[in-house]
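I opened the notebook to record what I looked up, one topic per entry. The model and its sequence come before the entries.

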Amino acid sequence: MKYFRFQYILPRIVLIVALLLATEVGSGYFVRWGLIAGGEASVGAKIEIGQVETSLLKTRLLITDLAVANPSSPMKNLMEADRVEIDFSSPALLRKNLIADYGIVSGLRFSTPRETSGALPDRPTSPEKTNQENWLAPLAKEKAQGWLTDLESRFSVDIRDQLESVRLAEEMAQRWPVKYQQFEIAAREIKADAKRLEERARVARKNPLRNMEFLAQLPQETSKLRRSLRDLQAQLAQLPAELAADRDAVLAARLQDEQLIREHLELDALDAQSLTNYLLGEQITGPVGEAISWIRWARQLVPARGSKTPAASGRGEDIFFPGSKRLPDFLVRTLRLEGAGRMGGQPVQLVGVVRDWTTQPELHSQPTTLELTTTGGMPLSIKARLDRATEVPYDEYFVDSSGMVLPKLKLGNQGPLRLSVAPSTANLSVRIQIHGDRLRGSLQITQRGLEIEPTLPPNLLGGRMQSVLAQSVSRIDQSQTEVTLGGTLDAPRMRFTSTLGTELAQAIQQAATDVARAEADRLVAQGRQEVDAQLAKFTGQFEKFQSKLAGEMAGPGEIIASLLGQRGEGTPQIGRSPFGQLFK
Amino acid sequence: MLSLLLHPLRQLFAALLTNDSPNQLSIGFTIGMVLGFVPKGNLIALSLAVLLCAVKVNRSAGLVAAAIFSCVGPWADGLTHKLGSTLLHQPGLQGFFAWIYDLPLGPFIGFHNTVTIGSLLLALYVTYPCYYGSHLLFERYGPPVARWVTRYRIGRALTGAHFAARFEG
């Protein structure tokens, strides 16, 4: 005994006992500090804990008011829990393992808002890895929007500028009055010449000897005037044929114009898939993207099998002997979850169980499973299995819901066509498998009792299509949407088909065709009316011109006939001369 | 801060100036050597530390040795890892090590770590030469060095003797 310093040993033993007692009371503070530091390092965002109570003797841990901030969205919590209570196994603790047979998390809530930012000061906010816009075929949305924009542009362009019949009619309206005027001027000139010749002849006949020369030339002058009159009459006689040719040209152009109008308003077929992507893209990619974020988070909680466990001391290598009871550092065999939250805008109560959750799955034979059921507006049954039996992690998720109430939806929020879908009921079935990083899965939603109200911008097209489209869309009362997932967790791809898209495409196509046909008919009728009116006006003007010109030309004809001694005859008598009369 | 930096030196002079026998000095130094070699954070290191403080040996010599060999120890990790790995992979010893590992507090002992057990083996291997050599040194050079140290003010300052003399005087 002389070798031991009892004056050293005894106080230390007392000190150790006192330390154990102090640990029983105050270890909660250290555990709280450790949980916050370790949790923040792994999550990458603030972790707040109200209080931690621990008992080394009872190996029990109680955490109250836990809040884990979302590293991608610092003003939101990833999750909150009022109370986390875990009973750890004492023998496992003596073997450096945190193993709990049972734990309970109550007051669980997800995605709750925060009053202060949850970002760590020395770590930038990590945005979501995936751009959900790229999940869909990028051209599909543009294609549907392009179709609608093209439709709008077809109605907004004034096609009257391109109509040949209108152009011809306008050209006639300018050309023919000029022609009338030229004829009138020519007729007036002939009339004036005839009167002048008649006057000179009358004067000359009074004194024939003195006007012998004039009287000798009078037949030639009269013949010349008669030729001018006959030429004018001949030109006038051609006018009806010329006018008929112009009218025929206008009518032929009108037929071509009608064809042009119908071709202009002939619509391309609307691709149902593009419309589905355009309308449902945001509605589907949002929740699926959120689900994939949760899956990624779950992968962090249950990591893949490690090929080699690094030594705890950081020096050398830890060897594990065959036959030794090797346990994971952290394992919760059963963790009951109770909480509330909002899904799709609906308040839900959730109850579930996580089984065999460990951070070292290679040391535990059972896969981690989750069974969660929600009650309320969105009754869901969620089952997940995270299997790490092999080096390549394999996860599968099943989500089923029957009769869940979908809130009011707005489809196509960023485009020209928007649909408002009234609250409806739906059945949901989701199957997702992730093998390694490869994502594969499907999602099926069957909606019933659909009430869809379309909204178009209050422009030329919107005003016309609104009522027609509303009538077409009102016939759609149910839809089936199927989403196929592919790609990887970091770059997911999805393709979806929906009867809603197909039926909507048909309804929109029908409505647009009806409106386009009505518009074409209206434009054709309007063009026909305008051209007919123009032609009728021409006919009236021509008749008026003809009668006026006939009146103008009757006087010169009589004068010429009298001068030639052929009153009432249109053709001059050859051989008769003023001299014959003179010497009668 | 200065006191903290000079602490190892003071410990060394304190070891030389105490009235402990060369035997106590060399045993303390040897325990400290083993403690220094072994990685910390396991029950072996803790037990060695408790042993050093609990038995009647020179603690200062042990702490100096622990400090020195804690710096030297990582340099020998390559050798101790191979040594420990060879031992831990011996088929005949697997059951024994598995039994130790499965004991309560077994993983805290550190016998499953290659460097821990390798460095412990190496340290134990050099225990007697270390004890013998240090005993020889403390016996032969301890008293002259102690006299030389006390002769100078700096030596007295390092041992803390002048502070004691000032308060006594």
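I looked up strand S10 and strand S11 (residues 418-421) of chain A and found three bridges joining them, with the two strands running antiparallel. Helices (H or I, at least four residues) and strands (E, at least two) are DSSP runs, numbered from the N terminus. Two strands pair if DSSP finds at least two bridges between them. In this pair I noted A:Leu409, which stands opposite A:Val421 of S11(A). S10(A) and S11(A) belong to an open sheet of three strands, in the order S10-S11-S14, with antiparallel pairing. Its edge strands are S10 (409-411) and S14 (452-455) of chain A, each pairing on one side only. From one strand to the next, the twist averages 20°.

On the model itself, I wrote down that it is predicted, that local features need pLDDT of at least 70 and side-chain atom pairs pLDDT 80 or more, and that totals for chains, interfaces and linings use all residues. Residues are numbered from 1 along each chain as its sequence is written, while chains are lettered from A and ligands numbered from 1 in the order in which they are written.

Strand S13 (residues 438-448) and strand S15 (residues 478-487) of chain A are antiparallel and share eight bridges. There I found A:Thr446 opposite A:Gln480 of S15(A). How many bridges pair S15(A) with strand S16 (residues 492-498) of chain A? I counted seven, again in the antiparallel sense. A:Leu485 has A:Met494 of S16(A) as its bridge partner. Between S15(A) and S16(A) there is a hairpin of four residues.

I listed nine helices and 16 strands for chain A. Of its 584 residues, 27% count as buried (20 or more other C-beta atoms within 10 Å of the residue's own, with C-beta atoms placed from the backbone).

Helix H2 (residues 22-37) and helix H4 (residues 59-72) of chain B have axes that come within 7 Å and cross at roughly 30°. Axes are lines fitted to C-alpha atoms, for helices over the stretch in contact, and angles run from 0 to 180 degrees between N-to-C directions. That angle makes H2(B) roughly parallel to H4(B) (under 35 degrees counts as roughly parallel, and 65 to 115 as roughly perpendicular). Among the residues that meet are B:Phe29 of H2(B) and B:Leu63 of H4(B). The contact of H2(B) with H4(B) has 14 nonpolar, five polar and one charged residues. Ala, Val, Leu, Ile, Met, Phe, Trp, Tyr, Cys and Pro count as nonpolar, Asp, Glu, Lys and Arg as charged, and the others, Gly among them, as polar.

I then looked up H5(B) and H8(B), which pack at an angle of about 100° with their axes 7 Å apart. These two helices are therefore roughly perpendicular to each other. Their contact includes B:Leu87 of H5(B) and B:Ile117 of H8(B). By class, it has seven nonpolar, eight polar and one charged residues.

Which chain gives 26 residues to the contact, and which gives 22? Chain B gives 26 and chain A gives 22, counting two residues as in contact if their C-beta atoms, placed from the backbone, lie within 7 Å. On the side of chain B that touches chain A, the largest share is six residues, from H6(B). That side has 13 nonpolar, 10 polar and three charged residues.

Definitions and conventions. Parallel < 35°, antiparallel > 145°, perpendicular 65-115°, else oblique. Buried ≥ 20, exposed ≤ 12 C-beta atoms within 10 Å, placed from the backbone.
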